[in-house]
Amino acid sequence: MRNIYLTGFMGSGKSAVGARLAARLGRPYRDLDATIVAGAGMTIPAIFAQEGEAAFRRREADALRRVAAEGGQVVATGGGIVADAANREVMRASGWIVCLEARPETLYARVRAQAGEDDLHSARPLLAAPDPLARIRDLKASRQPAYADADWTVHTDGLGVDEVADEVARAVARLER
């Protein structure tokens with residue numbers, strides 16, 4: 001059975017939707033970021049601070065290859081994993097790529113809510129900028145061609161986790177025909 005890879009920018013709902021979708025479909029759930037954290041023994045912000053983004057991306061690609069070797073899972077990926085075409089090929093060879101899409105303003109609101117009392121810049125190293133919304137717009141625009149290279153896209157603006165999980169489940173059912 002093929003994996004289902006959820007891609008999209010940070011705040012698009014990959015982790016929440018992934019867990020709900022896996023439960024609904026009776027499949028194992030894997031959060032790639034959690035896999036990286038477990039292997040590194042430190043948080044993603046700590047990896048960025050101590051080793052840099054390039055080292056994080058290497059850890060991410062390694063984790064993806066290990067997860068891809070297993071089948072039938074719902075996998076929530078990191079927001080930047082699709083920027084590397086080799087990562088997209090690993091996903092495509094072992095599963096379906098479903099991109100969760102949202103407007104920058106929606107993503108910013110979600111990421112701020114997730115950070116809660118924590119400093120947004122500490123919780124999300126890639127948003128350490130004077131204007132995080134502008135950073136989201138720029139980063140998302142640079143990744144958009146890679147996000148578009150998915151088997152299916154679900155627009156999540158205005159939808160709850162259950163509604164997005166329903167849309168992804170319908171998409172996968174169509175893809176598997």
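The questions below go through labels given to parts of this predicted model.

Q: Why is R88 called buried?
A: Buried means under 20% relative accessible area. R88 has 15% relative accessibility, so it counts as buried.

Q: What makes D149 and R88 a salt bridge?
A: The N to O distance between their side chains is 2.9 Å, and the cut-off is within 4 Å. The contact therefore qualifies. D149 sits in the loop between helix 8 and strand 5, while R88 belongs to helix 5 (residues 85-94), so the pair ties together parts 61 residues apart in sequence.

Q: How do you know that D157 forms a salt bridge with R103?
A: Their closest N and O atoms are 3.8 Å apart. With a limit of 4 Å, the pair therefore counts. This one also links distant parts of the chain: D157 is in the loop between strand 5 and helix 9 (161-175), and R103 is in the loop between strand 4 and helix 6, 54 residues away. D157, with a relative accessible area of 22%, is partly exposed, and so is R103 at 47%.

Q: What separates R170 and E167 in helix 9?
A: They are 3 residues apart, which means about one helical turn. The two form a salt bridge, with the closest N and O atoms 2.4 Å apart.

Q: How many salt bridges does a search of the whole structure find?
A: There are 16. R20, R24, D162 and D166 are linked in a network of salt bridges.

Q: Why is strand 4 called mostly covered?
A: Of its 7 residues (95-101), 7 are buried. Each of them therefore has under 20% relative accessible area.

Q: How do you know that strand 4 pairs with strand 1 and with strand 5?
A: Pairing takes at least two bridges. Strand 1 (residues 3-7) and strand 4 have 5 bridges, so they pair, in the parallel sense. Strand 4 and strand 5 (residues 152-155) have 4, so they also pair, again in the parallel sense. Y5 stands opposite I97 in strand 4, and C99 opposite T153 in strand 5.

Q: Which residues touch the most other members of the largest nonpolar core?
A: They are F9 and M91, in a core of 33 residues. A second, separate core of 16 residues includes I4, L100, A169 and V172.

Methods
Residues are numbered from 1 along each chain as its sequence is written. This is a predicted model: local features need pLDDT of at least 70, side-chain atom pairs count only at pLDDT 80 or more; totals for chains, interfaces and linings use all residues. Side-chain values use heavy atoms; hydrogens and water are left out. Buried means under 20% relative accessible area, exposed over 50%, partly exposed in between (1.4 Å probe, protein chains only). Helices (H or I, at least four residues) and strands (E, at least two) are DSSP runs, numbered from the N terminus. A nonpolar core is a set of buried Ala, Val, Leu, Ile, Met, Phe, Trp, Tyr and Cys residues joined through side-chain atoms within 4.5 Å.
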